[in-house]
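Here are a few friendly notes to read alongside the structure. Take them one at a time, and keep the picture open as you go.

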There are 4 protein chains.
Amino acid sequence: MQTIGHLINGELVTDGERFQEIVNPSTNELEAQVSLADRETVEKAVAAAADAYPAWRSVPPIKRMRIMFRLKDLLEEHADKICALLTREHGKVLNDAMGELQRGIENVEYVCALPELLKGEHSRDVGPAIDSWSEFQPLGVCAGITPFNFPAMVPLWMWPMAVACGNTFVLKPSERDPSAALYIAQLGLEAGIPPGVLNVVNGDKEAVDTLLTDRRVQAISFVGSTPVAEYIYTTGTASGKRVQAFGGAKNHALVMPDADLDNAASALMGAAYGSCGERCMAISVVVAVGDATADALVEKLKAQIAGLKVGDGRDNTNDMGPLVTRPHLEKVTGYIAKGVEEGAELVIDGRGLKVKGFESGNYLGACLFDKVKPGMVIHSEEIFGPVLCIMRADTMQEAMQIIDDHEYGNGTCIFTRDGEAARYFADNIKIGMVGINVPLPVPVAYHSFGGWKHSLFGDLHAYGPDSVRFYTKRKTITQRWPASDLREGAQFSFPSNR
Amino acid sequence: MQTIGHLINGELVTDGERFQEIVNPSTNELEAQVSLADRETVEKAVAAAADAYPAWRSVPPIKRMRIMFRLKDLLEEHADKICALLTREHGKVLNDAMGELQRGIENVEYVCALPELLKGEHSRDVGPAIDSWSEFQPLGVCAGITPFNFPAMVPLWMWPMAVACGNTFVLKPSERDPSAALYIAQLGLEAGIPPGVLNVVNGDKEAVDTLLTDRRVQAISFVGSTPVAEYIYTTGTASGKRVQAFGGAKNHALVMPDADLDNAASALMGAAYGSCGERCMAISVVVAVGDATADALVEKLKAQIAGLKVGDGRDNTNDMGPLVTRPHLEKVTGYIAKGVEEGAELVIDGRGLKVKGFESGNYLGACLFDKVKPGMVIHSEEIFGPVLCIMRADTMQEAMQIIDDHEYGNGTCIFTRDGEAARYFADNIKIGMVGINVPLPVPVAYHSFGGWKHSLFGDLHAYGPDSVRFYTKRKTITQRWPASDLREGAQFSFPSNR
Amino acid sequence: MQTIGHLINGELVTDGERFQEIVNPSTNELEAQVSLADRETVEKAVAAAADAYPAWRSVPPIKRMRIMFRLKDLLEEHADKICALLTREHGKVLNDAMGELQRGIENVEYVCALPELLKGEHSRDVGPAIDSWSEFQPLGVCAGITPFNFPAMVPLWMWPMAVACGNTFVLKPSERDPSAALYIAQLGLEAGIPPGVLNVVNGDKEAVDTLLTDRRVQAISFVGSTPVAEYIYTTGTASGKRVQAFGGAKNHALVMPDADLDNAASALMGAAYGSCGERCMAISVVVAVGDATADALVEKLKAQIAGLKVGDGRDNTNDMGPLVTRPHLEKVTGYIAKGVEEGAELVIDGRGLKVKGFESGNYLGACLFDKVKPGMVIHSEEIFGPVLCIMRADTMQEAMQIIDDHEYGNGTCIFTRDGEAARYFADNIKIGMVGINVPLPVPVAYHSFGGWKHSLFGDLHAYGPDSVRFYTKRKTITQRWPASDLREGAQFSFPSNR
Amino acid sequence: MQTIGHLINGELVTDGERFQEIVNPSTNELEAQVSLADRETVEKAVAAAADAYPAWRSVPPIKRMRIMFRLKDLLEEHADKICALLTREHGKVLNDAMGELQRGIENVEYVCALPELLKGEHSRDVGPAIDSWSEFQPLGVCAGITPFNFPAMVPLWMWPMAVACGNTFVLKPSERDPSAALYIAQLGLEAGIPPGVLNVVNGDKEAVDTLLTDRRVQAISFVGSTPVAEYIYTTGTASGKRVQAFGGAKNHALVMPDADLDNAASALMGAAYGSCGERCMAISVVVAVGDATADALVEKLKAQIAGLKVGDGRDNTNDMGPLVTRPHLEKVTGYIAKGVEEGAELVIDGRGLKVKGFESGNYLGACLFDKVKPGMVIHSEEIFGPVLCIMRADTMQEAMQIIDDHEYGNGTCIFTRDGEAARYFADNIKIGMVGINVPLPVPVAYHSFGGWKHSLFGDLHAYGPDSVRFYTKRKTITQRWPASDLREGAQFSFPSNR
């Protein structure tokens with residue numbers, strides 16, 4: 001059986017005695033085992049990163065940037081292999097895996113703007129013959145801790161920019177589907193990142209805690225659930241680190257009476273059920289303004305769900321693959337039972353789905369709840385499965401209140417044709433990423449990703465311009481040169497020679 | 001006796017039963033008493049700020065900006081009164097108070113660039129007919145906790161920008177010298193800030209802890225000592241807030257053998273002894289490269305110290321006033337005794353100074369230590385008094401190592417004529433603010449202030465461009481409009497008229 | 001009789017023998033005479049500016065900026081006097097004059113952001129230990145030539161930014177209404193601009209041609225009609241200068257069938273008839289999509305025009321004052337006759353209006369043409385009077401084609417509620433300034449003003465960020481320091497001392 | 001014999017009857033002939049570009065950007081072929097050709113930051129519920145006219161950015177060495193640029209004049225000599241175009257007495273003689289401060305010139321190849337004779353050099369003049385050959401005066417160790433690109449290239465940030481949505497349902 005190890009100082013290594021099984025979500029068959037790093041192994045990775053830092057910091061940014069150009073090429077060249085790993089370990093349909101990878105590549109493309117992004121501000125004559133300027137210098141060793149749902153993309157949000165800015169890096173991918181991240185890191189080294197500059201450790205809480213408390217680690221980027229994000233943030237900051245920790249989400253779509261409902265329904269299908277809803281930007285709640293709107297929308301969604309095709313991720317004709325693990329499947333079905341118990345109307349029940357040839361897989365059909373109300377657990381908690389909840393509001397203001405009152409503030413969207421309604425919504429809603437007729441308002445790679453409220457702990461958003469600020473610290477220099485004997489002297493010292 | 005109260009919702013109020021005396025450092029005579037807010041009073045201030053927020057947030061930035069133009073005028077108009085308050089309660093010489101106020105006014109001037117600073121990034125066609133842009137929206141209620149040493153300037157680092165960005169604010173000034181901050185806040189209201197938008201509470205740890213834990217407070221800016229800064233940071237972040245906490249400093253000047261020593265000595269006098277060394281950017285250590293450099297510098301400093309004039313702050317012919325309080329004076333003299341005990345050479349001993357007519361004042365003459373070594377307490381800790389330590393290094397590299405090894409990383413400077421040495425120093429030294437022949441490299445108001453290592457907890461620096469980011473959160477909007485019946489329809493609906 | 005002279009090197013002077021009368025448009029009575037500068041006088045002003053340049057260039061930007069803060073205060077303090085001058089010489093209603101001045105003050109406010117705006121870009125390590133940065137340095141002597149219609153505002157677009165950037169300046173205001181510009185320049189000197197840094201010459205073509213060809217003048221900003229703008233541009237650039245020349249306009253409002261017509265009609269009244277239409281951003285054409293839209297709009301406009309009050313500008317109850325001069329009045333009425341002759345339908349005829357007590361004034365009532373067609377002179381040429389033309393299009397596309405085909409490309413706007421239509425219009429229309437339900441889309445002072453096609457000759461727009469680029473030139477420095485004997489030597493030169 | 005044609009609408013075509021011979025400068029043997037486009041052919045290219053524009057403008061920037069990533073890969077893949085073409089037609093040594101190409105590739109890399117570079121400025125609430133933002137939209141058809149000395153690099157300064165910004169392009173390369181530019185354009189199409197978006201026409205003045213006057217061409221970028229640059233600028237602007245025209249240069253190195261002369265001499269060798277001095281950034285004059293400095297420098301240069309190896313460009317052991325053409329060789333030797341006649345001291349005479357096996361080539365050895373004085377033709381004019389002039393000044397101020405008084409203002413550099421002298425020089429010298437111990441201060445690709453005085457006609461510099469502004473025009477949108485019946489109505493329309 002294949003053992004997935006760590007990438008430390010350019011070497012693939014396996015330590016210790018603790019392993020975790022990697023199973024295919026579509027079959028629950030064992031595919032590999034991953035070594036779980038103990039403290040000592042993580043510290044080796046940190047040491048490798050710390051040792052590599054001084055030399056790497058001094059490499060001119062344009063040379064670090066060029067490695068990112070090569071990385072983009074390698075990612076495109078090896079896309080099929082990466083996607084196969086994603087589908088094998090995560091379960092998502094290959095097309096969806098390709099979409100994920102493409103988003104990750106776009107983050108690498110943005111890093112290729114590095115010399116532009118690193119520019120400091122220069123001021124001449126802040127006083128008489130005094131100049132001042134700022135530089136954005138690297139932090140040192142940075143670490144990333146990434147979730148199972150985007151095993152390729154989320155690491156690519158982090159380390160390409162961190163490394164390009166002159167930092168060295170230790171990545172701890174999800175131990176459920178670590179292969180893509182490990183393989184991509186190897187491509188990074190192939191592209192020219194020196195050994196030690198980029199390291200990968202696989203592991204569990206022991207690895208995380210080691211990274212959180214090791215004083216050599218200057219910064220931590222995390223993406224995962226809110227309770228863990230809060231733990232990462234408070235533990236990491238208490239240990240003197242810069243931390244950005246992205247947590248959970250409950251993203252609402254507000255559908256106005258004037259919306260193009262056919263268009264909205266189609267958009268919502270992908271936003272709610274794509275990748276089985278295992279996305280922090282998935283739409284999991286629709287708030288329809290007016291019963292007429294809600295009724296019509298439910299009808300349209302029912303019709304579309306009926307045509308949804310669920311099955312093995314290797315078959316690109318499928319719309320949805322399996323959930324990531326059996327325990328996660330059980331957690332999601334638990335939420336469905338809870339919703340029924342709480343009195344929500346289960347319009348479509350995807351439970352009990354059997355996929356022919358993959359009867360042991362973690363499959364669940366699309367579920368649709370109507371008449372969900374604030375206070376229900378299926379509204380207050382993040383389900384992270386193919387479950388869409390319809391809520392009904394009488395007014396736009398009431399609908400916005402539901403969204404603003406929710407603990408999470410990651411993404412939201414509005415469907416309308418009306419300029420004023422859209423502008424009012426975007427301006428006032430207490431959510432970090434807002435779509436206007438765009439169901440998944442994930443910012444493009446040259447803007448930045450981040451939610452408000454309990455969806456983000458930290459000041460700076462992920463990727464895009466904010467990530468440059470996160471992975472660098474400002475240094476401000478003020479310079480004056482004393483009156484020069486040389487220059488003044490030079491004016492008078494040679495007259496006798498003429 | 002005058003009682004200094006709180007400014008809440010536009011009203012001056014005094015609560016409760018706890019008061020602290022305000023004494024004149026030059027005489028130790030009682031000048032006033034300040035009310036110490038209890039939890040309830042602080043919560044009233046927070047409530048006032050929370051209530052004022054929704055309306056204030058919607059005022060167009062240019063109107064908020066214009067209040068800052070008026071504030072600048074009022075600060076200039078009332079400068080004498082403010083400086084008198086500073087000198088009465090803090091002790092600094094009037095000229096020095098005027099310098100402090102001027103720096104604060106410069107921060108207000110920078111805020112007058114608000115509409116430029118708040119600009120978001122707009123991208124057309126992030127996809128076909130899809131646009132995306134970012135906005136920097138206010139946070140809500142923000143709070144500032146400020147130190148005794150710059151009672152006017154540090155509050156002006158904070159609330160003008162916070163308020164101009166659309167936030168509302170609660171300021172807790174130092175309880176030792178609160179009058180200037182309170183008076184300036186009143187000028188803010190006179191300039192047009194609505195009641196409730198800017199509030200001041202005086203108090204001690206109870207007030208601080210209330211601000212740190214009240215969930216309505218979204219962000220905290222703090223300036224003070226490192227242990228308190230760390231407490232503020234960990235407590236505030238654990239309570240879900242955005243925090244920037246500026247702590248202690250030990251700022252080293254590196255003097256190279258080629259430096260213009262007359263110029264360096266003059267510069268160091270002001271940097272070390274100005275405001276009695278009670279500045280977080282004061283130079284408290286000189287590292288001279290080579291004994292010859294050190295010997296010459298010590299001679300020059302001795303000569304200049306002999307001419308230093310210490311006395312009451314109202315007399316502008318004085319160079320130094322008293323220390324802020326009697327306990328602080330005792331703490332500083334304790335450090336001097338400790339330095340002698342540790343074996344440093346006390347070249348000039350300022351203890352025992354009596355200022356005629358002000359024999360009860362907290363006076364201490366300038367002190368100069370030579371041959372200070374790493375490991376001595378007078379090197380490892382911040383003294384915050386008129387005590388300059390000379391250290392000697394054989395090489396520039398050794399001198400830089402001393403600086404890099406120190407816990408603090410606020411400011412530093414180098415004296416040299418050599419372009420290469422200066423560039424190497426500025427590039428490599430692990431300090432946030434670097435001067436090249438500039439002894440106090442406090443960034444001008446349009447750059448940002450912040451140290452590295454234990455001098456700053458948080459990602460973003462104070463004032464200047466970083467403060468805009470600190471007092472706002474990013475919102476990213478992605479917009480697509482569905483194909484318009486209106487536009488397309490309009491193309492075909494009137495053909496019979498043609 | 002008052003003689004209006006020139007402001008050269010801080011002195012008010014009157015030269016030569018040529019004068020022009022200044023008459024009050026409301027009465028056609030003589031108010032003053034203005035001296036018309038000959039070549040020699042203009043050259044004196046240029047010489048004064050050239051002499052003042054080297055010292056002014058070296059004043060730190062923050063000091064230059066502070067003068068602008070004072071200028072803003074002085075403009076606000078003397079607003080009534082300035083507006084009285086505007087009304088006396090131009091004729092516009094006092095309220096309208098105040099609006100003009102306010103816009104000018106906003107440009108001064110923007111200049112107060114100078115240190116932020118002048119920041120260059122700094123790049124560390126463009127190669128090993130090589131740094132590079134850019135500075136935006138002043139040009140030297142700049143000149144501005146400004147039109148009669150905004151005698152206060154347009155000069156304030158130009159010289160405050162030019163002067164603040166470190167240039168010196170010669171302003172040639174319109175000889176029809178020069179007093180406000182001259183007075184404001186005097187306030188500039190009172191605010192602290194040194195003599196010679198800002199000069200004003202009054203004059204006609206001789207003055208213009210002298211400025212255009214004097215080699216000491218580095219840059220020219222012009223606002224006026226298109227034929228003159230083109231002459232200024234080609235003459236000035238042929239003489240090696242940087243030139244931006246803003247010309248004529250014919251601004252169309254596109255009204256969609258879904259627009260709020262009451263709102264649109266009210267907005268159009270001000271946009272078409274405010275300041276008698278003597279504005280380069282006035283709406284002079286409405287293109288209504290669909291006859292129903294056009295018919296309804298014409299009815300609403302007729303009703304509102306009936307209530308329009310025309311009279312002396314000193315009476316703020318009036319909506320419109322007189323036209324600027326008798327010849328201009330005759331030119332405008334000529335266009336009206338031409339429109340009738342061409343077959344347009346003159347729905348409202350404002351000719352023949354007599355204002356009681358001001359029977360000799362240049363008065364003309366609001367005029368409304370319907371069924372104007374492309375090709376008519378009243379459509380192809382700029383009338384610059386209170387004449388609004390309605391055109392009718394069957395489709396939005398046809399309406400946009402009319403706008404795109406026009407020679408001018410200054411401003412335009414669309415009235416609609418529909419997000420998609422607005423976005424399509426703003427994206428595709430070939431016009432530099434676009435309003436969405438905003439009839440006069442003059443950019444605010446922190447954006448920049450500029451049209452496309454024959455409305456602007458030059459690359460950079462007026463005021464806002466572009467004006468900083470226009471009034472400065474880029475200098476790029478690349479710096480490497482040779483390996484330092486000092487630093488390296490210092491490492492080894494003192495070992496015997498240890 | 002090979003005929004080099006035009007690339008129009010994706011097709012290689014050859015028109016007409018006029019041809020020019022392409023000869024190898026190393027042998028003067030005929031290599032090919034190039035078709036010289038007549039007006040009709042150029043107009044076809046412009047028509048192709050005009051037709052391709054509307055569709056290309058609407059391609060999202062990120063897709064246009066990706067083509068540039070592919071272009072970089074193709075340029076690297078085919079570097080050997082491109083360099084062989086450069087050496088064959090221009091004569092430069094292969095290594096030098098590779099250096100040129102590398103610089104061109106860096107410009108393409110910068111274009112890969114496109115989405116970041118195109119961001120406009122967004123302002124929320126410029127008034128109540130009014131937003132405003134700017135967009136940088138493409139111009140339409142742009143054209144580039146490029147010189148013989150960098151046949152690959154200068155076109156890559158222009159069209160990749162122009163095309164990426166959404167423009168279409170017509171390139172007219174130098175007719176002396178057109179093959180590399182044509183081949184690279186073909187690689188552009190291979191990378192994904194659609195036919196018609198990028199076109200190449202070869203030609204002479206007829207082609208240039210057609211481009212200058214065709215109204216469909218919106219912008220012209222030119223690099224060449226100053227008289228032609230001025231012609232291009234005045235003709236193009238008179239035809240309503242945006243023009244940037246880069247002209248001649250005479251770049252001075254100022255050598256201070258404290259400079260590291262070994263280092264300076266080595267640096268000057270490459271800067272003066274590299275590519276035979278046929279570079280607009282070549283150092284052609286050294287101004288030494290003090291006779292001692294000059295004497296020492298001349299000795300060091302003489303020694304190094306003695307070791308210079310001149311020969312065929314295909315042999316990478318050579319330091320210099322032949323001059324580009326026989327007439328150019330004669331022009332350069334004419335300058336040498338003129339310098340002798342004017343009284344300058346010809347220390348090294350490179351005339352009469354014969355390269356074995358290449359006796360018919362346009363070879364000229366390195367020449368060194370000493371004691372050149374202002375007013376000599378070899379100082380006032382650009383020689384564009386391997387001729388270095390030493391001038392002597394008594395003081396730094398005198399040396400700077402010589403530089404400032406020269407007609408050209410492209411580049412300059414100073415050699416010194418002194419921070420103050422360097423800062424004074426960089427701040428005050430009237431030159432656009434300044435090196436401090438950097439002999440060829442060509443800005444890196446992420447800064448911008450441009451001289452002052454007669455070295456540049458136009459406002460905006462080449463490549464880097466300025467090129468984005470040159471190839472786009474600003475559009476400013478101001479948006480307000482009328483109070484929405486939808487939103488307000490929605491609040492009250494369903495009450496009976498509750």
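1. The contact (heavy atoms within 4.5 Å) takes 64 residues from chain A and 64 residues from chain B. About 5200 Å² is buried between chain A and chain B, and carbon and sulfur atoms give 48% of that area. Buried area here is the accessible area (1.4 Å probe) that two parts lose on being put together, summed over both. On the chain A side, A:Trp452, A:Asp459 and A:Arg474 supply 13% of the area buried against chain B, more than any other three residues.

2. A word on what you are looking at. This is a predicted model, in which local features need pLDDT of at least 70 and side-chain atom pairs count only at pLDDT 80 or more, while totals for chains, interfaces and linings use all residues. Residues are numbered from 1 along each chain as its sequence is written, chains are lettered from A and ligands numbered from 1 in the order in which they are written, and side-chain values use heavy atoms, with hydrogens and water left out.

3. How many salt bridges join chain A and chain B? The count is 8, where a salt bridge is a side-chain nitrogen of Lys or Arg within 4 Å of a carboxyl oxygen of Asp or Glu. A:Arg242 and B:Asp459 form a salt bridge through their side chains, at 3.8 Å from N to O.

4. Now turn to chains C and A. Their contact takes 24 residues from chain C and 24 residues from chain A, and about 1800 Å² is buried between them, 45% of it on carbon and sulfur atoms. The salt bridges between chain C and chain A number 4. The side chains of C:Glu121 and A:Lys119 meet in a salt bridge at 3.3 Å, N to O.

5. Over all chains the count comes to 151 salt bridges. Within chain A, the side chains of A:Asp204 and A:Arg18 pair in a salt bridge at 2.9 Å, N to O. A:Asp204 lies in the loop between strand E10 (198–200) and helix H8 (205–213), and A:Arg18 in the loop between strand E3 (11–13) and strand E4 (19–23), so the pair ties together parts that are 186 residues apart in sequence. Helices (H or I, at least four residues) and strands (E, at least two) are DSSP runs, numbered from the N terminus.
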